[in-house]
Structures are given as structure tokens and as C-alpha cells.
Amino acid sequence: MKKYSDIKKIEYLGPQSKEPFAFKYYNPDEIIHGKKMRDHLRFAMSYWHTIDYAGTDMFGGNTGDKTFGKTDPMEMFKAKADFAFDLMDKLSIDLYCFHDVDIAPEGKTLKESLDNFYTMVDYLDKLQKKYNKRLLWSTANNFGDKKFMAGAATSPNADVFACAAAKVKACLDADVKLGGTCYVFWGGREGYDTLINTDMGLELDNMARFLRIARDYGRKIGFKGDFLLEPKPKEPTKHQYDFDTATCCNFLRQYDLLGDFKMNIEANHATLAGHTFQHELRVARLNGAFCSVDANQGDPMLGWDTDQFPTNIYDTIYAMYEIIKAGGFTNGGLNFDSKTRRQSNTLEDILLAYIAGMDTFALGLRLAYKLIEDGRIDEFIERRYASYKSGIGKDIIDGKVTLESLADYACKLDHVEVESGRQEYLEAIVNNVIFEK
Ligand code: XUL
Ligand code: CO
């Protein structure tokens, strides 16, 4: 198999091709329903998994190498950035995402770390112009350092709240400079391990206070994009406050933040919460809170966030179906919050993994449109609720009923029959749409 350095550009060769380093379904400039595939999918590269992660796990060290032959920290992070843009160029990925600590070496103090960060933001800005790429979103890593062990905005220690704010400020500055259209809050440690030491009421109020001041600063410096929460139920905390999309929307509504804040839905987080990826996307859409996606998949046999590249075609069809119904991506995009397996430890594995993930979503997009065009599923749902189009159903919808009028109506019914939900029939339609030639 070819080496990373042998590969110039990943081309679209179509489904019949056996070339490993080629797209089979993703054809960036092909128009589907009036839009280029690249604009439908708005793929983004995650810096942390792609440029920094080198295979370490709880039981062993690196299996790969992401030092790019450098030892001086600043030189190393510049070499990482050079690699990042070369990789995006090879893959026709237009956007990328990072945490502050992903792009720059950490110094001895917070001030030193932030100085390094701003230096690297300038460096990324130059690379963006050279390669015609743009930031999708940035986020502050407010969970890795020891001081964040009890949370950031929800820490019992107010100095930690301030340190977290300093990092968010720097990331918002970076977002504005690099043209980011979203800013993400993932509250990995905003939660608790035990209620026996936790003032939940104060922590939730503080989380809202933190989001509010971040929003106000962002708007002040001209950030016009969306602020995003990224739901996850647990890991690393036993309970994360941003448990799932419904919980997040309720929180945002309670503190009057919905509107400025929307959702970044991650597939593996959905399954950890006991939901499907599609469920989370549907709830976000119904709350007007859909914005962006962290694409990956978990392993149903494992109870943690494995962040695998998405290869399950059913998941991507249903995800793209929801995204199309939500009107598609605007400020958001499809960020691969996915990492190559520990044993896939070469640089060319990164290309192969992105090709697999991008092709799976590209095929998902094509088939979701096919499912919608086929129309049988949407028509079935439309018919299933037909009782609300006329008669008593229409009265219910129009708010013309009371409990008494409904009781009068119901007592006159001598026979009530609910039609079959036809789940198996509908699942077979999906298979038919996927596999018909
Ligand atoms: C962790 C996770 C994060 C966020 C950004 O599970 O998904 O990488 O996406 O902090
Ligand atoms: Co994520």
C-alpha cells in the first residue's frame, strides 16, 4: 500500500473503484439537489484526534508519532499545523475545529499558554489564506488541566471559573480572527461524581452565568455565529449536566439562552445517553436548535466514547434525513470527532479513515434524498396522523375542545381502532431504497 507522502490528492473515482486512496461516493463538486456535495456536508477535521492523538490509551502509550520530527515545542506545533493543512487539502476538507491546547504548546503559566496560543492563531491564519480553508469552530479545553478536576464554570472554586473564562475569551478571539461560524462548549467536567459534595443549584446557575458572559463578549467583538452546547450524559463525570439535547434545550430555555445557543450533536454521545443519533438530531430540529454535528460512532458492545470513524450506513442515512429536514447546515458542519483505532497507527491510516467516514456520509446524503424522493416513508407518516386533519382531530389542533366536549365525543364512540404502525414494512422500504439497482 502507498505511503502518506506518495499521495497527492484523494480523487473521486466512483463506487466501482478498488483504489484505497480514492472517494467512492464523495464527489465534492457534484451537485445534488441544487447544492455541491461539499456545501451539503461541510466536512471538518478535528485537530485533537487527527493532529495530536498518537494512539495512547488507559493501558499503553503511543503507537503512532505526531511529533513530525520536531522536539522544540513551538516548532512541533508549527509542523503539526503544516501537516493539518496538507491533509485537509489532500482530502478536500474545507473546515477544521480545535481546542486551545490542540494547536499550541502549553506554557508554565496560563498567560504563557495564551501567548503561545495567539502566536499559533496567527500562524493558522496564514495557512488558511494559503490553502483557502476556514475554521468551523474552536473550543476551550476546560477539562484537561488539574485545576478543572471539579469542573470549570461549575467548579466550587471561583478562581477556576475565572481561568476557564480567560481560555474561552482567547478562543472567541481566535474564532473571530479565523472566521469560525460556531463556538462550542463541551462540558466534560460540568457535572458531578457524587451529589454528597455538590451544590447542584449553584453549579447550574453558574453555568448559565458563564454562558451569558461568553455570549456577551462574543457579540461585543463581532462574533455573529452560533454558540453551541455539545450534549453528553457522562464520561469523564458520572453525570454531565448537558445530558442530552432535551436537557440542554430545557436548560437554555430556563436561562433565556436559546437562540444564541444551539446544538452540536455527537453520534457517540447520543448512544451513551441511550438515544439514537437520529433521535438527538430530531429533538434539536424540533427545538429550532439544530446547528452542527460531531460525526463518529460508538461500539454497541462498549459503554464508553470510542469515537470511531462512522461507517454504519443506516446511521448516516437517518442522520442526513434529519439534517435535510432541518434545512441543512448553515453555520454548522460535519466535524469528524473520530480517531483512527490504536492499531491503525500510520499517517496513511488517517487518510483511509477520513475516506471511509466521508464516503459513508456522502452515501448517506445520496440515500437520504432517495428515501425522501421515494416518498413512501413520509407519505406513511402523513397518513398515519390523518385523523388530525378533520373532525375531532382538527378541533383538537385548533384548540376548540375541552375535557368535557372530548368526554361527550368519546362516550358516543362504539368502536376505536388504531391502524398498524407497519414498522417492518417501513424498514424493508429503507432496505429496498438502499439496495435497489
Ligand atoms: C468529548 C468530545 C469533545 C468535544 C469538544 O467527548 O466530544 O472532543 O467535541 O471538546
Ligand atoms: Co465532540
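Modeller: Helix axes are lines fitted to C-alpha atoms over the stretch in contact, and the angle between them runs from 0 to 180 degrees between N-to-C directions. This is a predicted model. In it, the axes of helix α11 (residues 313-325) and α16 come within 12 Å and cross at roughly 100°.

Colleague: Why is α11 called roughly perpendicular to α16?

Modeller: Angles of 65 to 115 degrees count as roughly perpendicular. The axes cross at roughly 100°, so α11 is roughly perpendicular to α16.

Colleague: Which residues make that contact?

Modeller: Y314, I317 and Y318 of α11 meet V430, N431, I434 and F435 of α16. By class there are 6 nonpolar residues, 1 polar and no charged ones.

Colleague: Why are α12 and α16 called oblique to each other?

Modeller: Helix α12 (residues 347-374) packs against α16 (residues 423-435) at about 120°, with the axes 10 Å apart. Roughly perpendicular ends at 115 degrees and roughly antiparallel starts over 145. The pair is therefore oblique. The crossing of α12 past α16 is right-handed.

Colleague: What does the contact of α12 with α16 consist of?

Modeller: From α12 come L367, K370, L371 and D374, and from α16 come I429, V430, V433 and I434. These divide into 6 nonpolar, no polar and 2 charged residues.

Methods: Residues numbered from 1 in each chain as written. Chains lettered and ligands numbered in written order. Predicted model: local features only at pLDDT ≥ 70, side-chain atom pairs only at ≥ 80, totals over all residues. Heavy atoms only, no water. Helix = DSSP H or I, 4+ residues; strand = E, 2+ residues; numbered from the N terminus. Parallel < 35°, antiparallel > 145°, perpendicular 65-115°, else oblique. Left-handed = near helix turned anticlockwise from the far one by under 90°. Contact = heavy atoms within 4.5 Å. Nonpolar A, V, L, I, M, F, W, Y, C, P; charged D, E, K, R; others polar.
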